[in-house]
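Here are my notes for your read-through. Keep the viewer open and check each point as you go.

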Amino acid sequence: MSNIEAAVTAPEADATAAASTAEERPHDSFTVQVKSQFVLDERPSCLVQELPSSSDYDGEIGTSADDKKASRGQNKKRPRDSIISNADKACLAVVRGESCPFEKRGKGCRYNHDLKEMLANRPVDISEGEGGADWLKEKCPFWMKNGYCQFGIMCRLGSSHINMSTGQNLCRTIDGSGNETVGLPTPAGQSATQASPSGESADKPKPGSVLKHQVDVMNIISKESLNLLRKNKYTFVCKRHFETKEASSKDNEDQTPPVVNATTPALPAKERKLIDFKDKVYIAPLTTVGNLPFRRIMKHYGADITCGEMALAEQLLKGQASEWALLKRHPSEDCFGVQIAAGHADQFTRTAEVLANEESIEIDFLDINMGCPLDLICNKGAGACLMLREKKLRGSLEGMLQVLNCPVTIKMRTGWNEKEPIAHHLQRNIQKWCIDGVGAFMLHGRSRLQRYSRLADWNYIAEVGCCQSSEFNNIPLIGNGDIFSYTDYEEKILQNVEKCENGGVNNLIQCAMLGRGALIKPWLPTEIKERRHIDISASERLDMLKKFVHWGLEHWGSDQQGVNRTRRFLLEWLSFLHRYVPVGMLEVLPQQMNQRPPNNLCGRSDLETIMLSKSCKDWIKLSEMLLGPVPDDFRFEPKHKANSFAS
């Protein structure tokens with residue numbers, strides 16, 4: 001009998017033995033209290049048994065102050081995937097069955113045109129071979145959804161849509177009678193009537209020409225605007241801060257009227273839509289792990305409002321495609337916001353101008369980031385540092401709200417350090433500015449220097465909720481921090497809302513703003529709405545991960561690069577997911593955000609035990625079940641090291 005079987009079948013009726021074991025096992029407030037039969041003396045046998053190397057991440061960091069300071073924040077030296085050379089990529093024009101427009105030019109095309117050569121060297125699909133992910137067999141997301149995969153021979157699930165004799169890419173069409181036909185894609189230059197003798201509408205997309213990767217994704221900036229931003233030729237109404245100073249200096253010399261303020265562009269006024277956050281579950285912006293496939297998972301579990309990852313205005317205004325990708329939105333996100341970080345009013349305002357001018361971009365609110373604690377962001381005057389620069393903040397609000405037809409929300413922390421909180425003063429000052437369009441304050445109950453260590457200060461959040469002046473319009477306050485169960489929601493939010501109501505004007509609203517709690521327990525919105533602790537099984541969690549992988553391949557692509565990205569983002573998520581201890585294993589309910597599972601924890605099945613592991617090697621093993629084997633030299637370390645989790 002294996003260790004896991006022994007743990008699962010341990011006689012719970014022997015209360016004396018269980019109590020004795022529990023007494024021998026020390027408990028502290030930072031350790032999850034787990035039933036004794038699920039804690040072993042040695043590492044469970046189903047886990048990777050080799051000793052971790054010095055670079056492996058096991059969920060904990062050093063105990064000294066120097067170790068914590070060196071380990072906190074982003075892990076910038078983590079291993080990366082090898083770059084795929086252009087010679088190993090097929091020319092997309094050839095994949096579509098067209099002639100390459102670069103082939104006859106001087107330098108030629110940088111990509112491979114020899115489909116037969118690529119076919120001969122093509123690795124087996126990730127769903128095939130030894131250790132392949134069987135569940136993905138013939139499940140290319142683009143073939144299943146559109147009947148055509150633009151990656152063609154590069155697709156790692158391409159056996160269902162590649163001619164294995166020639167390497168040509170196939171497409172599936174359905175005529176008016178419902179008959180399915182599989183054949184070569186229609187060339188882009190051929191008309192719809194030529195491609196469809198059955199008389200289908202000319203507006204219907206033709207496989208191989210307009211059916212493209214991420215066809216359903218919203219908020220994709222036009223190539224024209226992106227090129228103008230890159231070349232610094234985009235036409236802005238708002239001037240840069242140094243341009244305004246130069247113009248002001250010249251005007252003083254000439255004694256002429258001053259130019260229009262840089263933060264108040266003269267654009268046509270638009271009707272502003274309002275957002276009601278009350279009684280909603282809002283998924284906070286989450287760097288790296290708060291990507292589009294993850295947000296689709298959260299919508300599946302009942303989230304009402306979602307927000308994109310933090311985007312830097314400086315990079316957006318330079319036309320950085322990877323930064324604009326953070327603003328993408330899935331159609332299932334019916335109430336969606338974007339979060340912008342910047343240190344200057346002109347950066348915020350110019351970004352708002354682009355968002356307002358782009359017809360393809362639709363957002364329901366824009367969130368100002370005043371909570372990011374990273375040195376890289378704060379050193380530029382952005383993130384939490386913006387709390388200390390009220391003049392910059394006021395100019396940013398005035399400039400953006402002159403442009404946008406959606407509300408602007410403000411995400412902040414309690415202050416720079418915990419001994420001198422300033423959120424209550426800042427909130428009152430913003431209220432006194434009487435700027436129309438500020439939709440809500442979102443207060444994280446920790447200071448900038450605390451980052452994510454210690455518990456969120458909900459007493460202070462409650463005080464801030466009651467300190468707005470009755471002389472001005474009230475602005476809703478949303479509290480944030482350490483909500484990890486429906487009981488946390490009721491204790492931290494509902495009770496404080498009631499306390500505010502008894503003590504005066506109440507601005508703290510009933511909104512469950514979830515951050516790390518959603519990463520560790522994605523089904524948390526369901527728990528909060530149904531007011532119960534859900535003991536989700538390992539097989540249910542595996543199905544959830546399969547959804548993420550399917551949506552990840554659909555978003556990042558089914559070629560090798562897309563598979564690599566999906567795996568990396570999956571592993572980043574697993575670095576949070578492993579902290580969850582199933583309800584049926586707990587000795588004391590509920591698990592708290594700052595509690596870590598004990599070592600050598602085994603679940604009620606092998607799969608559950610792997611999901612509980614703190615070792616990167618076991619996370620990689622789990623990823624292989626979902627995406628096939630990794631290369632022999634593959635390594636992973638999480639981007640964000642959990643300082644608070646280890647403290």
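At roughly what angle do the axes of H21 and helix H22 cross, and within what distance do they come? Start with that pair. Remember throughout that this is a predicted model.

1. **H21 and H22.** Helix H22 covers residues 560-577. Its axis and that of H21 cross at roughly 145° and come within 9 Å. The crossing is right-handed. From H21, the residues in contact include Leu-545, Val-549 and Leu-553. From H22, they include Val-563, Phe-569, Leu-570 and Trp-573. Sorted by class, this contact has 12 nonpolar, 3 polar and 1 charged residues.

2. **H10 and H21.** Now look at helix H10, residues 292-300, against H21, residues 538-556. The two pack at about 140°, and their axes lie 8 Å apart. H10 is therefore oblique to H21. This crossing, too, is right-handed. H10 brings Leu-292, Pro-293, Phe-294, Arg-296, Ile-297 and His-300 to the contact. Among the partners on H21 are Lys-547, Trp-551, Glu-554 and His-555. The class count here is 8 nonpolar, 3 polar and 3 charged residues.

3. Met-544, Phe-548, Gly-552 and Trp-556 of H21 belong to the contact with H10. Met-544, Phe-548, Gly-552 and Trp-556 also meet H22. Colour them in your viewer.

4. **The nonpolar core.** How many residues does the largest nonpolar core have? It has 125. Trp-324, Ile-368, Leu-397 and Leu-545 have the most contacts inside it. H21 gives the most to this core, with 9 residues. Leu-545 is also one of the H21 residues that meet H22.

5. **Leu-397.** Take a closer look at this core residue. Setting aside residues up to four places away in sequence, Leu-397 touches Ile-368, Val-408, Ile-410, Ile-430, Trp-433, Ile-435 and Val-438. Ile-368, in that list, is itself among the core residues with the most contacts.

6. **Glu-527.** Is Glu-527 buried or exposed? Its relative accessibility is 0%, so Glu-527 counts as buried. The residue sits in helix H20, residues 524-530. Beyond its neighbours within four places in sequence, Glu-527 is in contact with Ser-485, Tyr-486, Lys-521, Arg-532, His-533 and Ile-534.

7. **Ser-575.** Go back to H22, where Ser-575 is placed. Ser-575 counts as buried because its relative accessibility is 2%. Not counting residues up to four places away in sequence, Ser-575 touches Trp-619 and Pro-638.

Terms used: Residues are numbered from 1 along each chain as its sequence is written. This is a predicted model: local features need pLDDT of at least 70, side-chain atom pairs count only at pLDDT 80 or more; totals for chains, interfaces and linings use all residues. Side-chain values use heavy atoms; hydrogens and water are left out. Axes are lines fitted to C-alpha atoms, for helices over the stretch in contact, and angles run from 0 to 180 degrees between N-to-C directions. Helices (H or I, at least four residues) and strands (E, at least two) are DSSP runs, numbered from the N terminus. Angles under 35 degrees count as roughly parallel, over 145 as roughly antiparallel, 65 to 115 as roughly perpendicular and the rest as oblique. A crossing is left-handed if the near helix is turned anticlockwise from the far one by less than a right angle, and right-handed if clockwise. Contact means heavy atoms within 4.5 Å. Ala, Val, Leu, Ile, Met, Phe, Trp, Tyr, Cys and Pro count as nonpolar, Asp, Glu, Lys and Arg as charged, and the others, Gly among them, as polar. A nonpolar core is a set of buried Ala, Val, Leu, Ile, Met, Phe, Trp, Tyr and Cys residues joined through side-chain atoms within 4.5 Å. Buried means under 20% relative accessible area, exposed over 50%, partly exposed in between (1.4 Å probe, protein chains only).
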